[in-house]
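Student: I'd like to go through this one with the definitions in hand. Can we take the labels one at a time and check each against its cut-off?

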Amino acid sequence: MSEAAGEKDLVELGQRYLYPNYRQPAFVLSHGRGSELWDTQGRRYLDFYAGIAVSALGHAHPALARALADQASKLVHVANYFYNEPNVRLAARLCQLSGLDRAFFCNSGTEAIEACLKLARRHFFSQGQPERLRVVAFHNSFHGRTLGALAATGQDKYKEGFGALPNVSHVAYGDLAAVRAVMGPDVAAILVEPIQGEGGVLPAPPGFLAALRRLADEHGALLIADEIQTGVGRTGAFLASTLDDVKPDVVALAKGLGGGVPIGAMLCREALSQALPPGSHGSTFGGNALASRAALAVLETLEEEQLLKAASTLGEHLQLGLRGLQERYPTKVATVRGRGLLQALVLADSVDARAVMTKLQAEGLLVTIAGGQALRYSPPLVVRSTEIDEALAITERVLKAS
Ligand SMILES: *Cc1c(COP(=O)(O)O)cnc(C)c1O
């Protein structure tokens, strides 16, 4: 591929050779810095989707770039037949930050969920309760796209055409009575997102996670928190579940963890450490030295730049601004919701959300749609308050004209 290839050529290559399961617009992103991105034509965008809540440190953060270059020049991969230094350091750091005791590494969110589900089933198998196979999850949830994670996902649109999936009981998010009604001696785990991200940025009602914790305990089942989108500081705490004072038995992380370098993790309590003995589960790439070093750089930077605090104060600033838009455009904005730097401007049903998103793109603001009508604002945790103001101004311009 020659450097001189223009936008049109690249778009043509994408359209000709990429598997067409996405619908990319006709420009090509080439580089970024902080919360800014540029395409091959030099057009600038404010990145308020951060690669779907992934680029926690924004783009080209020197700490991440340095860590990757240094690690790449030493050791990229050895597979899990051997320890590697960044990986054991990362495991220790994640356990410290989460209050959990053991870390298993993989390469994506859906793999982290697979690990959680397999851990839960295998745990009860090794406890002499092999009948505990069922999982309780929630309508409108998203847990990933491998077949196990897909079974747990509570949205039919992701499942259509993929055939029979493992048995998962789905109930309404926030409906404790409904959860209680489906609990039973065959339930291995309750799987919950502290905020339903893909479902439209829906925070759990206050007290709901704590109530699930109690229900799981009463029934001898595990509580698994899917913090793939909410974790690693996005909501202002390292884990969103701790904002509700809840300690899950198992936590899934991915998205923000590697700052864009693929890595996922399953964290669990010590009591579950015998559930997956050697040979029962694994991953070739999981936790490799390069990805682990990236995650370590992310965690160090979160601390050095106090990004949890930033996520919480900048998140308030963003939410306040979005609420202002709701007040000024009451017929176009239905509601605003979210926590920290995971916020949604939910458009009225009469508004074509996809058309608004496309107009925002043309005006230089990148956001994503979640749950049909929600514009999701999930900028890098390093976003500046002036950039938030700029994003709000662009949104206002587009709303006014829509
Ligand atoms: C993105 C996401 C997943 C899936 O992660 P992938 O890395 O895309 O496999 C699972 N659960 C939640 C809550 C997510 O936001």
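Tutor: Here are some labels, each set against its definition.

Tutor: This is a predicted model, where local features need pLDDT of at least 70, side-chain atom pairs count only at pLDDT 80 or more, and totals for chains, interfaces and linings use all residues. Residues are numbered from 1 along each chain as its sequence is written, and side-chain values use heavy atoms, with hydrogens and water left out.

Student: Why are α10 and α12 called roughly parallel to each other?

Tutor: Start with the numbers: the axes of helix α10 (residues 307-328) and helix α12 (residues 385-401) come within 10 Å and cross at roughly 20 degrees. Helices here are DSSP runs (H or I, at least four residues), strands are too (E, at least two), and numbering goes from the N terminus. Axes are lines fitted to C-alpha atoms, for helices over the stretch in contact, with angles from 0 to 180 degrees between N-to-C directions. Angles under 35 degrees count as roughly parallel, over 145 as roughly antiparallel, 65 to 115 as roughly perpendicular and the rest as oblique. So α10 and α12 are roughly parallel.

Student: Which residues make the contact of α10 with α12?

Tutor: Contact means heavy atoms within 4.5 Å. On the α10 side, Leu 314, His 317, Leu 318, Gly 321, Leu 322, Leu 325 and Arg 328 take part. From α12 come Ser 385, Ile 388, Asp 389, Leu 392, Thr 395, Glu 396 and Leu 399.

Student: What makes Val 201 buried?

Tutor: Its relative accessibility is 0%. Buried means under 20% relative accessible area, exposed over 50%, and partly exposed in between (1.4 Å probe, protein chains only). So Val 201 counts as buried. Val 201 sits in the loop between β8 (195-196) and β9 (202-203), and its phi is near 55 degrees, a positive value in a residue other than glycine.

Student: And why does Val 232 count as buried?

Tutor: At 3% relative accessibility, Val 232 counts as buried. Its place is in the loop between β10 (222-226) and β11 (250-253). Phi of Val 232 is near 55 degrees, again positive in a residue other than glycine.

Student: How do you know whether Phe 124 is buried or exposed?

Tutor: Phe 124, in helix α5 (residues 109-126), has a relative accessible area of 3%, so the label is buried. Leaving aside neighbours within four places in sequence, Phe 124 is in contact with Gln 129, Pro 130, Arg 132, Ala 188, Gly 220, Ala 221 and Leu 222.

Student: What about Glu 303, buried or exposed?

Tutor: Glu 303 lies in helix α9. Its relative accessible area is 52%, so Glu 303 is exposed.

Student: Which residues of α9 are buried?

Tutor: Ala 289, Ala 291, Ser 292, Ala 294, Ala 295, Leu 296, Ala 297, Val 298, Leu 299, Thr 301 and Leu 302. The buried residues of α9 pack against α3 (62-72), α4 (85-98) and α10.

Student: How does the reach of α9 from first C-alpha to last sit against what is expected?

Tutor: Helix α9 (residues 289-304) has 16 residues and reaches 22 Å, close to the 22 Å expected at 1.5 Å a residue. The expected span is 1.5 Å times one less than the number of residues.

Student: Last one: why is Arg 33 called exposed?

Tutor: Arg 33 has a relative accessible area of 52%, so exposed is the label. Arg 33 is found in strand β1 (residues 29-33). Not counting residues up to four places away in sequence, Arg 33 touches Trp 38 and His 59.
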